[in-house]
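Student: Could we go through this model together, with the terms spelled out as they come up?

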Amino acid sequence: MLMREGYDITRHPISQLATGSLGWIQITTFVLAGLGGIALAIGVRRTLTEGTGRRVLPILVGIFGAGLVAAGVFTMDPEYGFPVGTPDGPVDEMSWHSIAHSAAAAIAFTALAVAAIVLTIRHVRRRAALPAVLNGLAALILLMPMSPSHMSIQIAVNGLVAFTWTTVVALSLRRSSWSA
């Protein structure tokens with residue numbers, strides 16, 4: 001992000017880094033992160049054997065991972081002056097691959113928000129207040145409506161929340177069996 005000439009996080013969503021000559025780096029990042037999400041879903045399925053969410057949580061996390069892979073395969077259209085040389089405005093009509101990218105990302109992050117809600121319920125039933133609150137907060141942030149004037153920043157925050165959430169879930173799985 002910092003190395004790409006013309007990129008401005010306040011104007012350009014992170015997904016736009018997948019355009020231009022160095023776009024392959026962001027494409028690879030999306031695909032590898034998605035494969036990590038799928039691996040996490042497999043870990044959740046193997047580890048979570050009892051209790052609330054044991055069946056649906058791995059599916060939701062898997063949808064998140066698959067959505068990231070799809071978001072990497074299908075790229076956004078260049079627009080708003082990025083990459084350098086692109087007209088400084090929106091595209092007249094979104095391409096099919098840009099529509100597929102947007103749909104895949106929306107489905108992925110919605111699935112992750114629902115997964116956080118499932119864990120919120122699981123932790124409430126276990127009377128684990130802090131994990132319940134943190135999962136609920138993650139879901140709330142991921143489901144917050146996008147503001148057109150701050151969308152790029154909100155997308156970056158959603159990415160930070162999503163990858164923090166998946167990391168904490170993975171570390172929690174490693175530490176315990178979550179069987180209660």
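Tutor: The expected span of a helix is 1.5 Å times one less than its number of residues, and helices (H or I, at least four residues) are DSSP runs numbered from the N terminus. This is a predicted model, in which local features need pLDDT of at least 70, side-chain atom pairs count only at pLDDT 80 or more, and totals for chains, interfaces and linings use all residues. Residues are numbered from 1 along each chain as its sequence is written, and side-chain values use heavy atoms, with hydrogens and water left out.

Student: How far apart are the end C-alpha atoms of helix α2?

Tutor: Helix α2 covers residues 56-73, which is 18 residues. At 1.5 Å a residue it should span 26 Å, and the separation of its end C-alpha atoms agrees, being 26 Å.

Student: Is Thr 19 buried or exposed?

Tutor: Thr 19 lies in the segment before α1, and its contacts (heavy atoms within 4.5 Å), not counting residues up to four places away in sequence, include Met 76, Asp 77 and Phe 82. Buried means under 20% relative accessible area, exposed over 50% and partly exposed in between, with a 1.4 Å probe and protein chains only. Because its relative accessibility is 4%, Thr 19 counts as buried.

Student: Within what arc do the buried residues of α4 fall?

Tutor: In α4 (residues 129-143), the buried residues are Ala 132, Asn 135, Ala 138, Ala 139 and Leu 142. Taking the directions from the helix axis to the C-beta atoms, these buried residues line one face of the helix, because they fall within an arc of 130°.

Student: Which helices are included in what covers the buried residues of α4?

Tutor: The face turned away from the buried side of α4 carries the exposed residues Ala 129, Leu 130, Val 133 and Leu 140. Over the buried residues of α4, the cover includes α3 and α5.

Notes
Helices (H or I, at least four residues) and strands (E, at least two) are DSSP runs, numbered from the N terminus.
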